[in-house]
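Here is a short briefing on a structure with its strands, helices, core and chain contact. Please load it first, then follow the points below.

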Amino acid sequence: MSVSIQTQDFDLGAEVAALHAGNGGVGAIVSFVGTVRDRAQDQTISQMELEHYPGMTERAIEAMVDEAHKRFDILGARVIHRVGLLQPLEQIVLVAVTSRHRGQAFQACEFLMDYLKTQAPFWKKETTSEGARWVDARSVDDAALARWGIEAAGNAAAADS
Amino acid sequence: MTMKIQLRYFASLREALGSTETVEIEAGSSVGALRDRLIARGEPHAGALARGRALRAALNQTLCDESVVIPDGAEVAFFPPVTGG
């Protein structure tokens with residue numbers, strides 16, 4: 001299975017090994033791991049909670065992996081996103097891509113992350129000494145997706161303003 | 001003619017409105033018309049779904065535009081901009 005939504009942590013080495021196993025055509029493996037920061041806007045973060053939309057999340061990420069296979073000459077892809085309660089420094093997300101040569105794997109990995117940031121239904125809630133707050137979407141993430149020529153609705157902007 | 005649909009809310013909207021509810025709407029209603037109908041109920045819906053707030057919608061678990069017409073028995077979700085990754 002190429003997409004997993006899970007509460008438990010993941011092992012980057014084991015995931016990359018599984019993606020690579022038995023495929024001698026692979027000449028490049030690119031992986032990205034996102035982690036929980038311990039500070040935001042000058043406040044210390046004590047924990048982060050990740051909510052998602054079960055069913056839609058898997059569907060949205062599978063569609064984005066299909067799109068990556070259409071756009072890039074890649075051999076395999078693996079996406080893991082954690083949900084539930086996470087502590088600072090913990091891993092949140094893994095995207096790993098294999099290809100014959102590095103260029104396509106680098107591009108596909110970045111494409112998948114840009115897509116995931118703005119199109120997959122996850123929401124982060126940070127707890128600081130000031131209390132808990134939902135993290136705001138960032139327009140720079142919309143701009144990152146737009147450079148791939150995706151005509152998706154802006155995520156951070158109000159749809160009707 | 002009316003039809004029943006399932007509504008789902010996430011993140012800050014879930015905290016304000018609950019996770020899910022079943023509503024009856026006029027057949028042929030769009031997602032935007034549904035949002036307006038919910039706003040017309042008054043608080044807490046009016047504030048949570050207010051026009052001008054950045055919200056996104058999904059029809060049957062796929063992101064959608066508010067002009068999309070809702071089919072019978074559909075699942076419609078409203079939620080804030082996504083912040084995963």
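Leaving aside neighbours within four places in sequence, V65(A) is in contact with S2(A), V3(A), A77(A) and V79(A). The model is predicted.

**Around V65(A)**
- V65(A) sits in helix α2 of chain A.
- Is V65(A) buried or exposed? It is buried: 20 other C-beta atoms lie within 10 Å, and a residue counts as buried at 20 or more.
- H20(A) is 45 residues from V65(A) along the chain. Their C-alpha atoms are separated by 17 Å.

**The sheet of chain A**
- Four strands make an open sheet, in the order β1-β5-β7-β2 (chain A). The pairing is mixed.
- β2(A) pairs with β7 (residues 91-99) of chain A over eight bridges, in the antiparallel sense.
- A28(A) has S99(A) in β7(A) as its bridge partner.
- Helix α3 of chain A, residues 102-119, lies across β2, β5 (74-82) and β7 of chain A. The helix runs at about 150 degrees to β7(A).

**The largest nonpolar core**
- This core has 53 residues. V97(A), A108(A) and L112(A) have the most contacts inside it.
- Which element gives the most to the core? α3(A) does, with seven residues.
- A108(A) touches A68(A), F72(A), I74(A), A77(A) and V97(A), with residues up to four places away in sequence not counted.
- As general background, nonpolar side chains tend to be buried together in soluble globular proteins.

**Where the chains touch**
- Chain A puts 29 residues into the contact, and chain B puts in 22 residues.
- On the side of chain A that touches chain B, the elements giving two or more residues are α2 (56-71), α3 and β8 (122-128) of chain A.
- α3(A) supplies the largest share of that side, five residues.
- By class, that side of chain A has 17 nonpolar, seven polar and five charged residues.

**Helix α2 of chain B**
- In this helix, residues 31-39 of chain B, the residues V31(B), L34(B) and R35(B) are buried.
- Why are these three on the same side of α2(B)? They cover an arc of only 100 degrees around the axis, which puts them there together.
- The cover over the buried residues of α2(B) includes β2 (20-26), β3 (56-59), β4 (62-64) and β5 (75-79) of chain B.

**Strand β5 of chain B**
- How many of the five residues of β5(B) are buried? Four are, so the strand is largely enclosed by the rest of the structure.
- β1 of chain B, residues 2-9, runs parallel to β5(B), and four bridges join them.
- Q6(B) stands opposite E75(B) of β5(B).
- β3(B) pairs with β5(B) in the antiparallel sense, also over four bridges.
- A58(B) has A77(B) in β5(B) as its bridge partner.

Note on methods: Residues are numbered from 1 along each chain as its sequence is written. Chains are lettered from A and ligands numbered from 1 in the order in which they are written. This is a predicted model: local features need pLDDT of at least 70, side-chain atom pairs count only at pLDDT 80 or more; totals for chains, interfaces and linings use all residues. Two strands pair if DSSP finds at least two bridges between them. Two residues are in contact if their C-beta atoms, placed from the backbone, lie within 7 Å. Axes are lines fitted to C-alpha atoms, for helices over the stretch in contact, and angles run from 0 to 180 degrees between N-to-C directions. Ala, Val, Leu, Ile, Met, Phe, Trp, Tyr, Cys and Pro count as nonpolar, Asp, Glu, Lys and Arg as charged, and the others, Gly among them, as polar. A residue is buried if 20 or more other C-beta atoms lie within 10 Å of its own, exposed if 12 or fewer, and partly exposed in between; C-beta atoms are placed from the backbone. The arc is that of the directions from the helix axis to the C-beta atoms. A nonpolar core is a set of buried Ala, Val, Leu, Ile, Met, Phe, Trp, Tyr and Cys residues joined through C-beta atoms within 7 Å.
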